[in-house]
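This report describes a protein chain through its annotated regions, its helix contacts and a few individual residues. The sequence and structure are shown below.

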Amino acid sequence: MKIAFIGLGNMGGSMAQNLLKAGQTVFGFDLSEVALQHFAEAGGVVCESPQAAAKQADVVITMLPAAKHVRDVYLGEKGVLAVLKAGSLCIDSSTIDPQTIKDIAAVGRAKQISICDAPVSGGTLGAKDGTLTFMIGADEATFNAVKPVLSLMGKNLVHCGDVGTGQVAKICNNLILGISMTAVAEGMALGVKLGIDPQALAGVINSSTGRCWSSEIYNPWPHICDNAPASRGYTDGFAAQLMLKDLGLAVEAAEQVEHPVVLGHQVQKMYQQLCQEGDAHLDFSSIMHQYTTQPA
Ligand code: NAD
């Protein structure tokens, strides 16, 4: 396979390296010189534009910050759809709104180019280890066609439905995660304020009905879970600003279909506040700071 990889940042850089390790030829482009340097050191072919990369490839993968970058790389004046051959495959793994990828896929369809959304979970560690989960929105034929390339970067490939549904799955999951993390932070902080030992409280929650991933594996109170970011000053995790971005996508998508997301709105405001107060780069479990500045 000849693969063009556009967006070689924290996630894309490692994903492209896994393709190279598997013996694929990868043509890469990024706006960052540092990202390109790492890619070249790993054996990638550096190109001077997304079009230059796409011209040499049968498969294009994008891993970009947000919808505007994705739209530009596919449909912009120098977008890749203008130069790809009929029969090419495109996979967007960025986390964006479902409508953008549907629009791009429609343009692709008219040129006989198959396009799918395949956002990921598993974070930077999963990207490095090649253990990502891909949530794939595609017709059956496109899903079968992208499986071999995605399996070089991930362990779990979930076909969610037609194009756009991968993004729906991703943003709904992260909506629940943002809310559940905030709920655990609220309960833990209240309990401690009322005088219970945090270890005792977490023990009760984790063997009772309040138990969830945020309480059991990733508890936002320090030293409940040794490997959670809360136990190392909320560093090296999933940044609060990325959670804020994902909550924004969920709230926006809900507004488009006039569906209520009451808790989502509230938690979005709390993450906005957290980021404005300087914690944007800390792990999202630092939402605890909205309840107490210094958990013991
Ligand atoms: P990042 O900022 O580290 O990487 C994005 C890269 O895209 C950067 O290197 C940037 O220079 C490049 N870029 C921007 N515009 C470009 C353009 N027009 N052409 C080429 N390159 C361009 O971000 P990341 O952490 O790798 O995240 C990428 C996507 O994955 C985001 O949508 C994010 O929400 C999603 N995601 C991230 C994580 C995570 O833990 N970091 C987890 C799941 C999903």
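Helices (H or I, at least four residues) and strands (E, at least two) are DSSP runs, numbered from the N terminus. The model is predicted: local features need pLDDT of at least 70, side-chain atom pairs count only at pLDDT 80 or more, and totals for chains, interfaces and linings use all residues. Residues are numbered from 1 along each chain as its sequence is written, and side-chain values use heavy atoms, with hydrogens and water left out.

**Annotated regions**

UniProt positions are given in the numbering used here, with feature names shortened, and annotations may be inferred rather than shown by experiment. An unreviewed UniProt entry places the feature "domain: 6-phosphogluconate dehydrogenase NADP-binding" at residues 2-161. That span is 41% helix and 25% strand, and its end C-alpha atoms lie 26 Å apart. The unreviewed entry also places "domain: 3-hydroxyisobutyrate dehydrogenase-like NAD-binding" at residues 164-289. Over residues 164-289 the chain is 60% helix and 0% strand, with the end C-alpha atoms 35 Å apart.

**The annotated active-site residue**

Lys170 is the position at which UniProt, in an unreviewed entry, places the feature "active site". Lys170 belongs to helix H8 (residues 165-193). Lys170 counts as buried because its relative accessibility is 7%. Contact means heavy atoms within 4.5 Å. Leaving aside neighbours within four places in sequence, Lys170 is in contact with Thr95, Pro119, Val120, Ser121, Met135 and Asp246.

Ala169 is also found in helix H8. With a relative accessible area of 29%, Ala169 is partly exposed. Its contacts, again leaving aside neighbours within four places in sequence, are Met135 and Cys160. Ala169 and Pro119 are 50 residues apart in sequence, and their C-alpha atoms are 8.9 Å apart in space.

Which residues of H2 are buried? They are Ala35, Leu36 and Phe39. Seen down the axis of H2, the buried residues fall within an arc of 95 degrees (the arc of the directions from the helix axis to the C-beta atoms), so they line one face of the helix. What covers the buried residues of H2 includes helix H1 (12-21), E2 and strand E3 (45-46). On the other side of H2, Glu33 and Glu41 are exposed.

Ser32 lies in the loop between strand E2 (25-29) and helix H2 (33-41).

**Packing of H4 and H5**

Two packed helices are described by the angle between their axes and the distance between the axes. Here, axes are lines fitted to C-alpha atoms, for helices over the stretch in contact, and angles run from 0 to 180 degrees between N-to-C directions. The axes of helix H4 (residues 67-75) and helix H5 (residues 98-110) come within 10 Å and cross at roughly 5 degrees. H4 contributes Ala67, Val70, Arg71, Tyr74 and Leu75 to the contact, and H5 contributes Thr100, Asp103, Ile104 and Val107. These residues divide into six nonpolar, one polar and two charged. In this division Ala, Val, Leu, Ile, Met, Phe, Trp, Tyr, Cys and Pro count as nonpolar, Asp, Glu, Lys and Arg as charged, and the others, Gly among them, as polar.

**Loop residues**

Gln112 has a positive phi although it is not a glycine, and so does His223.

| Residue | Value | Accessibility class |
|---|---|---|
| Gln112 | phi about 60 degrees; relative accessible area 59% | exposed |
| His223 | phi about 65 degrees; relative accessibility 48% | partly exposed |
| Ser32 | relative accessibility 29% | partly exposed |

Gln112 lies in the loop between H5 and strand E6 (114-117), whereas His223 is placed in the loop between helix H10 (213-216) and helix H11 (240-256).

Note on methods. Buried means under 20% relative accessible area, exposed over 50%, partly exposed in between (1.4 Å probe, protein chains only).
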